[in-house]
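Trainee: I have a model to look at and would like to learn how to read it. Please take me through it feature by feature.

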Amino acid sequence: MKRFILSSVLLAMGALSATAQEGRIKFTEYDLPNGLHVVLHEDHTTPIVAVSVMYHVGSKNEDPQRTGFAHFFEHLLFEGSENIKRGEFMKLVQANGGVLNANTSHDRTYYFEELPSNQLELGLWMEAERMLHAKIDSVGIETQRKVVKEEKKQSYDNRPYGQLMNVVFENAFTVHPYHWMPIGKEQYIDQAKSSEFMDFYKTFYVPNNAVLVVAGDIKPEQAKEWINKYFASIPKGTKAIPRPTAVEPQQTQEKRVTFHDNVQLPAVILAYHAPKIGSDDFYALQLLNQLLSQGASSRLQKQIVDKDQKALAVGAFALPLEDPGIVMMFGIANMGVAPDALEKAMKAEVAKVRTELISEAEFKKLQNQAENDFASENGRILGVAENLATNYTYYKNTGRINTELATYQKITREDLKRVADKYLSDQNCLVVHYLPKEGK
């Protein structure tokens, strides 16, 4: 019990990484014969380890008539395995002082455990069990069908503005499979047969479609020995891995959508087609989003919320998607403010960044924010593990983790104006008025 309490406290403190001070993240990487890519990051700052596996499968890899499969598997692969009893996966980790979770995006699915370093072997064994012996049977499938449908009700159907992202993606994309969100459609999960789920598992959840990252208080030679013990014998996947090739056509005129939902106040969303993650223009757009909405002194907050009082809340963000995606701005209207008035105010702020150079003071602040965000993200073992996994999965270049900050630092004020003018145009914009039902 004492060991469990101590381990939980260490994990709760977050395990700051030594690389936060050093500024450079050291790692080694290699491939197993079955195609599994392995990345090791040694950091003895605190006695914990992160064991994570990122599979290169997200909602964009799904059959349009079977959407929601990747997210469904995020849940299903916690059911257990041939050697882990149903419902015991989480209990095993928690009983040994660890935490665990998973998440799914349009592009990848990510599983991780954070454990006391003396439980590294346990974490590796469990992830190998998930990869090789996952319990995919009628009991688990029916259980998770109910869980996923309940999650959709709580997070999308019954939450204020819960359909916002669905509306944006369904209307912004006409050809590319970003057209649907990872939550998918519940009827497809209901219609799918057990054989379809097994086929999805054998196609995507294979070593040659995954990267294993082990980070933290490890002895690399011992870690390699255990990795070989548990993962090397897993067969390489033999099925062709579907990768979407559809290219979303360039938008040439403004799109407008009105959507009615059970909300009290109207919302306005401006969504612009944007470059893929990792491109120089994507990083410049990220800085623009910080300028517009990060913090109390951001432009949208100061002008539209504080000064004009046209909105209760505003925000802007670029979604980090592997293929060209979107950058979004949203505002929730203040009481009595018409959506048209809020839209006009939001577009006025967009027009400013398209036509005017930002001040040197604002630009310096943006650079400082980018550096702080980078240090914070890589100041924890779990953050380092995920960034290593992401850089390998999307770019097959794990070392990008040490060059990303330099990409931000080379951006100029002129770059911000250029990308704003290039991407934040009316012709490239989807305008959504998200309105209360009683106004329908």
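This is a predicted model: local features need pLDDT of at least 70, side-chain atom pairs count only at pLDDT 80 or more; totals for chains, interfaces and linings use all residues.

Trainee: Which residues in H11 meet which residues in H17?

Mentor: On the H11 side they are Asp281, Ala284, Leu285, Leu287 and Leu288. They meet Leu416, Arg418, Val419, Ala420, Lys422 and Tyr423 of H17. By class, this contact has 8 nonpolar, no polar and 3 charged residues.

Trainee: How is the packing of H11 and H17 described, and at what angle do they pack?

Mentor: Two packed helices are described by the angle between their axes and by the distance between those axes. Here H11 and helix H17 (residues 413–423) pack at about 95°, and their axes are 9 Å apart. Angles of 65 to 115 degrees count as roughly perpendicular, so H11 is roughly perpendicular to H17.

Trainee: Which strands does H11 lie across?

Mentor: Helix H11 (residues 280–293) lies across E8, E9 and E10, and runs at about 165° to E9. These strands belong to an open sheet of 5 strands, in the order E7-E11-E8-E10-E9, with mixed pairing. Its edge strands, each pairing on one side only, are E7 (255–261) and E9 (311–318). On average, neighbouring strands of the sheet are turned by 15° against each other, direction ignored.

Trainee: In what sense do E8 and E10 pair?

Mentor: Strand E8 (residues 267–274) pairs with strand E10 (residues 325–333) in the antiparallel sense, over 8 bridges. As an example of residues facing each other, alanine 267 stands opposite isoleucine 332 in E10.

Trainee: Which residues touch the most other members of the largest nonpolar core?

Mentor: First the general idea: in soluble globular proteins, nonpolar side chains tend to be buried together. The largest nonpolar core here has 50 residues, and Leu124, Tyr205, Leu212 and Phe231 touch the most other members. Helix H5 (residues 120–133) gives the most to this core, with 6 residues. A second, separate core has 43 residues, including Ala311, Val353, Leu366 and Val431.

Trainee: What is phenylalanine 231 in contact with, beyond its neighbours within four places in sequence?

Mentor: Its partners are Leu32, Asn34, Leu36, Leu124, Glu127, Ala128, Met131 and Leu212.

Trainee: Is lysine 224 buried, exposed or in between, and where is its place?

Mentor: Lysine 224 lies in helix H10 (residues 220–231). Its relative accessible area is 31%; buried means under 20% and exposed over 50%, so lysine 224 is partly exposed. Not counting residues up to four places away in sequence, lysine 224 touches Tyr30 and Leu40. Between lysine 224 and valine 337 there are 61 Å in space, C-alpha to C-alpha, and the two are 113 residues apart in sequence.

Note on methods
Residues are numbered from 1 along each chain as its sequence is written. Side-chain values use heavy atoms; hydrogens and water are left out. A nonpolar core is a set of buried Ala, Val, Leu, Ile, Met, Phe, Trp, Tyr and Cys residues joined through side-chain atoms within 4.5 Å. Buried means under 20% relative accessible area, exposed over 50%, partly exposed in between (1.4 Å probe, protein chains only). Helices (H or I, at least four residues) and strands (E, at least two) are DSSP runs, numbered from the N terminus. Contact means heavy atoms within 4.5 Å. Two strands pair if DSSP finds at least two bridges between them. Axes are lines fitted to C-alpha atoms, for helices over the stretch in contact, and angles run from 0 to 180 degrees between N-to-C directions. Angles under 35 degrees count as roughly parallel, over 145 as roughly antiparallel, 65 to 115 as roughly perpendicular and the rest as oblique. Ala, Val, Leu, Ile, Met, Phe, Trp, Tyr, Cys and Pro count as nonpolar, Asp, Glu, Lys and Arg as charged, and the others, Gly among them, as polar.
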